[in-house]
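Please examine the model shown here and follow the explanation that accompanies it.

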Amino acid sequence: MALVLTEEQSMLRDSARGLIGDKAPVSHLRQLRDAREAAGFSRDLWRTFAEMGFAGLLIPEEFGGGGLGCVEAGVLMEEIGRTLMPSPFLATAVLAASALSRGGSAAQKSQYLPKIADGSLLAALAIDEGAKHRPLMTGMQALRSGNGFRLQGDKAFVVDGHTADLLIVAARTAGNPGEGLGLTLFLVDPRSKGIATERTAMVDSHNAARIVFDNVEVNADGVLGEVDQARGLLEGVLNIGRGAVASEMVGLSEEVFNRTVSYLKERRQFGKLIGEFQALQHRAARLYIEIEITRAAVLKALQTLDDDFANAAAAVAVAKARAGSTATSAVQEGVQMHGGMGMTDQFDIGFFMKRARVCQELFGDSNFHADQLARMKGY
C-alpha cells in the first residue's frame with residue numbers, strides 16, 4: 001500500500017487542522033495551565049469533537065461511531081500534536097473505544113460505546129504501576145469474591161484518569177508479575193467504594209492520575225474479555241495507542257521544525273540571517289529527512305494495524321521507537337537553534353520539548369520498543 005493518505009483521509013486532516021488550529025493553538029494549553037483548570041482540557045471543545053464525529057472515529061457504525069480505522073485516528077493525533085491540544089481523545093476515543101470494541105460483550109458495547117461516540121462518557125486505561133511502561137509486570141491483585149472480584153493495588157500514570165467516568169483496569173487473577181497468563185481487564189466505576197484518585201499535572205501541562213484501589217468490588221459483568229486471557233487484547237489495544245502517540249510525535253516534530261526554520265529566516269547574527277550559516281542548514285536538512293522517514297514508518301504501522309492487526313506489533317515497535325527519537329532530536333534542535341530564549345516559559349518551543357518527553361514514555365520509550373523488536377526477531 002502506498003505510504004500516502006487517501007483523498008478522504010486528507011479531507012479529514014484538513015477538517016481537523018482547521019478546528020484544532022482555530023480553537024486550540026498552543027496558547028490554549030498555556031491558558032489552561034495558568035488557570036489551573038480542574039479537567040485540564042476544554043469540555044466545550046470535546047463536545048465539538050463529538051459533534052464532528054471525532055470521538056466515535058474508531059467505534060463501529062452500529063454503535064453510533066464512524067467505523068474508521070487507525071490511520072484516521074493517527075491523522076487526528078498528528079493534528080493534536082501540532083498544537084499540543086489537551087484532549088481526552090487518546091484515552092477515551094482511541095484506547096477505551098478500541099478495548100471495548102475488540103473485547104467487550106454485546107451488553108458492554110451497547111452500554112458504553114454510544115456514550116463515548118456522543119461525547120458523554122470519558123474513559124481511561126489503567127495499566128502501569130511503576131515509573132516505566134511494563135504491562136507484563138502488572139502486580140495488582142484481583143481476588144475472587146462472591147460473584148465477582150476484589151481489586152487491591154495502585155495504578156500510576158493513568159492518562160486523564162482524574163476525569164474518567166469509566167476505568168479499564170488491568171489486574172492479575174493468576175500467576176506472578178512478568179507472566180503473560182493471568183492478566184484480566186476490568187470495567188470499573190471510578191466512584192466505587194475504595195477508589196482514591198489523585199490528579200498529577202505532568203511536566204507538559206497535560207494530566208494523568210494516580211489511582212489507589214483498596215478492596216474494590218467488581219462483579220463478573222465487569223470483566224472485559226476473558227478471565228486470565230487479557231494479554232492479547234491488552235497488547236493489541238496498547239499497539240493502537242502506541243501508533244496514535246507516534247502520530248502525535250510526528251505532528252509535534254514537524255511543527256517544531258517549521259517554527260525553527262521560520263526563526264532561522266528571521267534572526268540575524270554577525271550581520272547575516274542565521275539561516276545562511278551552512279552548519280545550521282545541514283542540521284535543518286538532516287532533521288527534515290528524519291521527520292519524513294519517521295512519518296512513513298508511522299503511516300506504515302497504522303496501515304498494518306488496519307489491514308493485518310495480528311501481525312502489526314513489529315511495525316508499531318519500529319514506529320514508536322523512531323517517533324520517540326525523532327521528536328527528541330526535533331525539540332533539542334529547536335531549542336538550541338532558538339538560543340537562550342528557547343528555554344524561557346514565554347516562548348512556546350519549550351512546551352513542545354516537554355510534551356515530547358512525556359510522549360516518549362507513553363506506552364514504552366524507544367529503548368522499550370527496540371528491545372521488543374529484538375525479541376520478536378529472535379536476537
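Which residues in α7 meet which residues in α10? Val245, Glu248, Met249, Leu252, Glu255, Val256 and Arg259 in α7 meet Ile349, Phe352, Arg355, Ala356, Cys359 and Gln360 in α10, where contact means heavy atoms within 4.5 Å. The model is predicted, so local features need pLDDT of at least 70 and side-chain atom pairs count only at pLDDT 80 or more, while totals for chains, interfaces and linings use all residues. Residues are numbered from 1 along each chain as its sequence is written, and side-chain values use heavy atoms, with hydrogens and water left out.

Helix α7 covers residues 231–264 and helix α10 residues 349–361; their axes come within 10 Å and cross at roughly 155 degrees. Helices are DSSP runs (H or I, at least four residues), numbered from the N terminus. Axes are lines fitted to C-alpha atoms over the stretch in contact, and angles run from 0 to 180 degrees between N-to-C directions. The helices α7 and α10 are therefore roughly antiparallel to each other, a term for angles over 145 degrees. Their crossing is left-handed, that is, the near helix is turned anticlockwise from the far one by less than a right angle.

Aromatic rings form another theme. The structure holds 5 aromatic pairs; rings of Phe, Tyr and Trp (its six-membered ring) pair if their centres lie within 6.5 Å, and planes over 60 degrees apart count as edge-to-face. The rings of Phe49 and Phe54 have centres 5.1 Å apart and planes at 80 degrees, so this pair is edge-to-face. The rings of Phe49 and Phe89 are also edge-to-face, because their centres are 6.3 Å apart and their planes stand at 75 degrees. Since Phe49 lies in helix α3 (residues 43–51) and Phe89 in helix α5 (residues 89–103), the pair ties together parts that are 40 residues apart in sequence. Both Phe49 and Phe89 are buried, meaning under 20% relative accessible area (1.4 Å probe, protein chains only). Phe54 is buried as well. Ring pairs link Trp46, Phe49, Phe54 and Phe89 into a cluster.

At 1% relative accessibility, Gly364 counts as buried. Leaving aside its neighbours within four places in sequence, Gly364 is in contact with His133, Lys320 and His369. Gly364 and Ile127 are 237 residues apart in sequence and 12 Å apart in space, C-alpha to C-alpha.

Note on methods: Phe/Tyr/Trp six-rings, centres within 6.5 Å; stacked < 30°, edge-to-face > 60°. Buried < 20%, exposed > 50% of the residue type's maximum accessible area, 1.4 Å probe, protein only. Helix = DSSP H or I, 4+ residues; strand = E, 2+ residues; numbered from the N terminus. Parallel < 35°, antiparallel > 145°, perpendicular 65-115°, else oblique.
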